[in-house]
Amino acid sequence: MLPKISPLEFVRAIVRIVTAKPHVPSTVQGNPLLKTILGRRSIRHFSEREIPDDVFTAILEAGRLAPSTVNLQTWAFAVFTAQSWQQFFGRPIPFNGQRAVIVLGDAHWNKAIADMFSDSPLVTYTVAVINASLAAMTMNLAAESLGVSSVMLSETGRTGFLDAGYLKQKLALPDGVFPLMTIVFGYAKGPYPPMPPKLPLDQICFTGQYRGVSPAIAEDWLKQMIAGYKAAYPLSSFERQLHIYRAKIGQAEQDLSRMVFRRDRRLD
Ligand SMILES: Cc1cc2nc3c(=O)[nH]c(=O)nc-3n(C[C@H](O)[C@H](O)[C@H](O)COP(=O)(O)O)c2cc1C
């Protein structure tokens with residue numbers, strides 16, 4: 001059960017969200033890459049404007065050249081235009097996106113390495129997830145630098161990470177290939193939304209033994225999330241959204257267990 005927030009807490013939280021800014025030391029404020037990184041937002045409204053092929057190719061190239069463990073490049077990208085997505089999945093790309101990439105962890109293509117680690121499925125899976133996620137973030141930032149906005153999705157109705165089993169069948173994924181996230185790309189329709197609540201730097205950094213986020217800051221974050229969600233989606237709520245995820249997570253857990261460990265998860 002999530003906490004209830006009073007009207008005053010709601011107003012305070014919204015004011016904090018809309019006024020929050022990245023903290024950038026004045027000496028580095030002019031750095032254009034930093035500006036791109038710190039100005040990025042997940043965008044959920046895209047215009048009809050198409051992404052030119054050369055721009056999209058540059059975005060994919062950024063993914064191709066991403067860093068990876070031992071340069072293993074444990075990834076594959078399922079790449080779609082709005083038309084090919086509609087044809088393949090029978091529905092539009094979410095949020096009117098103009099291109100989409102389903103990012104997959106791929107421990108399958110490199111058989112010589114995969115065979116060496118066949119008795120370490122969790123490590124193999126984790127390495128694939130780490131590397132492919134870095135490629136995803138690299139594509140996301142390359143897009144941003146080219147004026148193309150994006151959002152990473154784990155839940156899209158049918159085509160995200162939470163539907164790993166469906167995607168395995170639909171994309172004919174062999175063992176060792178795992179759907180991770182769907183990145184939707186497009187030109188933003190309207191201004192960027194405010195930054196959702198981010199934890200302060202002094203709560204997430206530590207030297208020596210783990211310290212963790214203080215309970216007061218954790219509660220403050222949760223209240224801002226509840227308020228921010230209500231402001232953005234008045235007919236829904238953060239709690240309701242979590243319940244929607246929860247309903248699908250059980251199936252995803254089963255699907256992934258089968259894919260990672262090649263056996264059903266024991267539920268006892
Ligand atoms: C792996 C991953 C999965 C995500 N899945 C979803 C999703 O299913 N639906 C959605 O609306 N946003 C999704 N997001 C976007 C997050 O909600 C967003 O990154 C977060 O709220 C922070 O906002 P920001 O990206 O603007 O900083 C996802 C982000 C990541 C990195």
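Predicted model: local features only at pLDDT ≥ 70, side-chain atom pairs only at ≥ 80, totals over all residues.
Strand 1 runs antiparallel to strand 2, residues 99-106, and seven bridges join the two. As an example of a bridge, V79 has V101 in strand 2 as its partner.

I turn next to the helices. Two packed helices are described by the angle between their axes and the distance between the axes. For helix 3 and helix 6, the latter spanning residues 121-145, the axes come within 7 Å and cross at roughly 145°. This crossing is right-handed. Which residues meet there? From helix 3 they are A58, I59, L60, A62 and G63, and from helix 6 they are A135, T138, M139, A142 and A143. Sorted by class, this contact has eight nonpolar residues, two polar ones and no charged ones.

Two loop residues deserve attention for their backbone angles. Q73 lies in the loop between helix 3, residues 53-64, and strand 1. Its phi is near 50°, a positive value in a residue other than glycine. Is Q73 buried or partly exposed? Q73 is partly exposed, because 19 other C-beta atoms lie within 10 Å, and a buried residue would need 20 or more.

The second residue is N96, in the loop between helix 4, residues 82-89, and strand 2. N96 also is not a glycine, and its phi is positive, at about 65°. N96 has 15 C-beta neighbours inside 10 Å and therefore counts as partly exposed.

Finally, let us look at the ligand. Around the ligand stand R41, S42, R44, V151, M152, L153, S154, E155, G160, M181 and P196. Which strand gives the most to this shell? It is strand 3, with three residues. By class, the shell divides into five nonpolar, three polar and three charged residues.

Key: Residues numbered from 1 in each chain as written. Pairing = 2+ DSSP bridges. Helix = DSSP H or I, 4+ residues; strand = E, 2+ residues; numbered from the N terminus. Buried ≥ 20, exposed ≤ 12 C-beta atoms within 10 Å, placed from the backbone. Near = placed C-beta within 6 Å. Nonpolar A, V, L, I, M, F, W, Y, C, P; charged D, E, K, R; others polar. Axes fitted to C-alpha atoms, helices over the stretch in contact; angles between N-to-C directions. Left-handed = near helix turned anticlockwise from the far one by under 90°. Contact = placed C-beta atoms within 7 Å.
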